[in-house]
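Here is a briefing on one protein chain. Please look over the model before reading the points.

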Amino acid sequence: MSVSDPQFRPIPLTIVDLIAILFPGALWVFMMLTTYETIVKHIPITPWEEANRLSGVSQSWSFGVCLFVVGSLTGYALKPIALQTAQAVVRLRILGPLVNLLTSSHFRRYRQKMRSQSIRVHDLKFPFDALHSNEDYFVRLKQYFENRLGIKISSSSGYTLFMFAKRHLRLVSPAMWEECERLEAEVRVSASMLLAMLYSALLATLEIVVYRKELSSLILWCIGSSIATCILISGFMHTRDAEVTYTYANCLLLVAEDEAKLARNAPAAGEEKLASH
């Protein structure tokens, strides 16, 4: 495939991207309306009570369309910043013990390395070079791209190995690239939902502390939002690391195939050169 070949975004990825816009957008709309009732009108109310109130305000389809449009625009506006913001949240030192607990199952395969190098989960920064940089597959891919491109690849320069591996997949194997893009799309969904649920838990806690009434509903809301936040933190970190791992694994397969092809062609090229002399 040439670089200039136009490619449409695969339908499954488009669907996941739409989910990453619509669901978090709808949640944020209800969170903002609930915040308005709480702070401006001083009414302790849960999101489902707010949704029930809105359903009784207007039965017209135009009102539903307006909510859908506002939710979509909200989700679309938050989508570009969701990944970086969610990554910053899970790296907060105050959440360190919780993040370590929630991600211990997934990151146990890095346990020995993290202990020997004093790496903590909340210190990790995408694409997690601290976990991968001294692995054989990372060194081999880095050497391959540096030799082919004639540049020095360093995460400090902003041009990471992960970025080159992702673009290589896009040009050489769209099927493998689509697999990695699907994981990235899932990460965007997790990030957007994580931020919404975290805000929901904080808002529920605020209402409990300030108003001290309607406690049964508010406590249920706070517990539900907190559990959802924990699940989303675990899923976010798991899928984020899986995206990196799958990208390197797929790219290594292509690089190995390319190197094998070059090795097979080298003797033939040498024979042709000798024949020409």
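The notes below go from the overall make-up to local details.

This is a predicted model. The protein has ten helices and zero strands. Of its 277 residues, 39% count as buried.

**Overall make-up**
- From the N terminus on, the elements run α-α-α-α-α-α-α-α-α-α.
- The structure contains zero disulfides.
- Cys66 is partly exposed, because its relative accessibility of 47% falls between the 20% and 50% cut-offs.
- Cys230 also counts as partly exposed, at 22% relative accessibility.

**Helix H4**
- Helix H4 covers residues 96-107.
- Its end C-alpha atoms span only 14 Å, whereas a straight helix of twelve residues would span 16 Å at 1.5 Å a residue.
- Which residues of H4 are buried? They are Gly96, Val99, Thr103, His106 and Phe107.
- Seen down the axis of H4, these buried residues fall within an arc of 70°, so they line one face of the helix.
- An α-helix has 3.6 residues a turn, so residues three or four places apart point the same way.
- Pro97 and Leu101 are exposed on the other side of H4.

**The loop between H5 and H6**
- Helix H5 spans 111-116 and helix H6 spans 129-132; Pro127 lies in the loop between them.
- The peptide bond from Phe126 to Pro127 is cis, with omega near 10°.
- Ser118 is in the loop between H5 and H6. Its phi is near 55°, a positive value in a residue other than glycine.
- Phe128 is also placed in the loop between H5 and H6. Its phi is near 60°, again positive in a residue other than glycine.
- Is Ser118 buried or exposed? Ser118 is exposed, because its relative accessible area of 59% is over the 50% cut-off.
- Phe128 is buried, because its relative accessibility of 1% is under the 20% cut-off.

**A nonpolar surface patch**
- Which residues form the nonpolar patch on the surface? They are Leu215, Ile219, Ile223, Ile227 and Ile231.
- Together these residues have about 450 Å² of accessible area.
- Ile223, one of the patch residues, is found in helix H10, residues 215-276.
- Ile223 is partly exposed, with a relative accessible area of 46%.

How values were computed. Residues are numbered from 1 along each chain as its sequence is written. This is a predicted model: local features need pLDDT of at least 70, side-chain atom pairs count only at pLDDT 80 or more; totals for chains, interfaces and linings use all residues. Side-chain values use heavy atoms; hydrogens and water are left out. Helices (H or I, at least four residues) and strands (E, at least two) are DSSP runs, numbered from the N terminus. The expected span of a helix is 1.5 Å times one less than its number of residues. Buried means under 20% relative accessible area, exposed over 50%, partly exposed in between (1.4 Å probe, protein chains only). The arc is that of the directions from the helix axis to the C-beta atoms. A disulfide is a pair of cysteine sulfur atoms within 2.5 Å. Patches are made of residues with over 30% relative accessible area and no salt bridge: like charges are joined within 9 Å, nonpolar side chains (Val, Leu, Ile, Met, Phe, Trp, Tyr) within 5 Å. Accessible areas come from the Shrake-Rupley method with a 1.4 Å probe; for residues, only the protein chains shown count as cover. A salt bridge is a side-chain nitrogen of Lys or Arg within 4 Å of a carboxyl oxygen of Asp or Glu.
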